[in-house]
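Here are my notes on this model, point by point. Have it open while you read.

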Amino acid sequence: MAPNFKETDNNANNLYQDKVKELGFGTRAIHIGQEPDPSTGAVIPSISLSTTYKQSAIGVHKGYEYSRSNNPNRSAFEESIASLEKGKYALAFSSGSAVTATIVTSIGTNGHIISVDDVYGGTNRYFTKVAGTQGIEATFVNLHDPKNIEGAFKHNTKIVWIETPTNPTLRLVDIRAVANITHQHNAILVVDNTFMSPYFQNPLELGADIVVHSVTKYINGHSDVVMGVAIMNDEEIYNKIKFLQNAIGAIPSSFDSWLASRGLKTLHLRMKQHQENAIAIAKFLEKSDKIEQIIYPGLESHPQHILAKKQARGFGGMLSFRIKGGFKEANAFLQNIKIFTLAESLGGVESLAEHPSKMTHAGLSEEHRNAVGVTDNLIRLSIGIEDVDDLLEDIQQALDIAVQE
């Protein structure tokens, strides 16, 4: 039975909010926003497919009037994910890209964005190929040293946009340090937390103003939903993005919201297994004579391992490695995996492998790819929750075929 903390009077509501803060991650994931239906007692919320809602008088309703503006399933998901990210507000969208577009739209024309130089290819594409047509300029900076960002600020810089770890080179950015510099320049910090999930990292607690996720990935976790979300604490930022969420209308369906809520309920369990498997595979690859480099923040060999331990509670389920050779060897490895699936995306229960330079980051110029380390021998793995011995055997047999001494 869900904890019955909600009441109607203000004192009881304050008690509820205090109690929520004390609950563990798994308890919040299962119960916050997922209370039994008061009219039927159903433990699992129903899917609300209605596009419109009855009003008892003009402008008098039960919180819902038109489903583009709000929907019970979307509201439930937003409440739950806000709790897990230690935020006050959350806004769900039809995709992670829709989140990016809506936030960028919020700064208006003639604005300037600073981003980490090896940001996700789709984000780079939006900043350079779409935002540029709206009079918004983007500058990309190597943020291995947070101080590198200082020289990139302009009078019209509105947003600093980072992800950590980055995709696919798994470089880390010091969130607190970048937040402090960003706020000194009166800009807001957006952190893409997709790779870590709220289970391992909460950027709002480190100074971020907005945290974004591709819900498609770990949060939903089952490779059957395309969705995005933004979480924040500032009411002014929330109201601005909320207005655009409704005005632009890039909102998720009620069914997708319901599925994402279901995915949240096992997030803590899945992330533990993703990480356990990833650590085992990273250590295995670290000893292999068939690869040039293994990149995983959970290894002491990662140059930012100490920062990883400082700002997060874990290391996640993503890793990359450089196979000995070049595209030929990388392609042979990916052609011969059997349990891993050659596919884009990440964060599902199944293990995926992809070739960033020809797949997720193919839109970048070759010069840019090489500059940020997205080389032809780089392979990215999304480690699933299968039996790890099977995954290790699959990797070894594919490496044996791909790399012939």
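1. How far apart do the C-alpha centres of domain 1 and domain 2 lie? They are separated by 26 Å. Before going further, note that this is a predicted model: local features need pLDDT of at least 70, side-chain atom pairs count only at pLDDT 80 or more, and totals for chains, interfaces and linings use all residues. Residues are numbered from 1 along each chain as its sequence is written, and side-chain values use heavy atoms, with hydrogens and water left out.

2. On the domains themselves: the assignment gives domain 1 as 23–262 and domain 2 as 267–402, with bounds that come from an automatic or database domain assignment. Domain 1 puts 39 residues into the contact and domain 2 puts in 43 residues, where contact means heavy atoms within 4.5 Å.

3. The area buried between domain 1 and domain 2 is about 3400 Å², and carbon and sulfur atoms give 61% of that. Buried area here is the accessible area (1.4 Å probe) that two parts lose on being put together, summed over both. α2 (25–31), α5 (121–130) and α7 (197–200) are the elements that give two or more residues to the side of domain 1 that touches domain 2. α7 gives the most to that side, with four residues. Helices (H or I, at least four residues) and strands (E, at least two) are DSSP runs, numbered from the N terminus.

4. What about polar links between the domains? There are 19 residue pairs in polar contact between domain 1 and domain 2, both at pLDDT 80 or more. A polar contact is a pair of N or O atoms within 3.5 Å; within protein, one must be able to donate a hydrogen and the other to accept it, and residues adjacent in sequence count only if both atoms are side-chain atoms. The count of salt bridges between domain 1 and domain 2 is zero, taking a salt bridge as a side-chain nitrogen of Lys or Arg within 4 Å of a carboxyl oxygen of Asp or Glu.

5. K217 deserves a look. UniProt, in an unreviewed entry, lists K217 for "modified residue: N6-(pyridoxal phosphate)lysine"; such positions are given in the numbering used here, feature names are shortened, and annotations may be inferred rather than shown by experiment. K217 sits in the loop between β6 (210–214) and β7 (228–232). K217 counts as buried because its relative accessibility is 16%, and buried means under 20% relative accessible area, exposed over 50%, partly exposed in between (1.4 Å probe, protein chains only). Leaving aside neighbours within four places in sequence, K217 touches T194, S345, L346 and G347. Its side chain also makes a polar contact with the side chain of S214, at 2.8 Å.

6. Q311, in helix α11 (residues 305–311), is buried, with a relative accessible area of 8%. A polar atom of the Q311 side chain lies 2.9 Å from the backbone oxygen of V173. Beyond four places in sequence, the contacts of Q311 include T164, D174, I175, Q201 and L206. The C-alpha atoms of Q311 and E205 are 9.6 Å apart, although 106 residues separate them along the chain.

7. Helix α4 (residues 96–105) is mostly covered, with eight of its ten residues buried; among them are V99, I103 and V104. At the start of α4, a side-chain oxygen of S95 comes to within 3.4 Å of the backbone nitrogen of S97.
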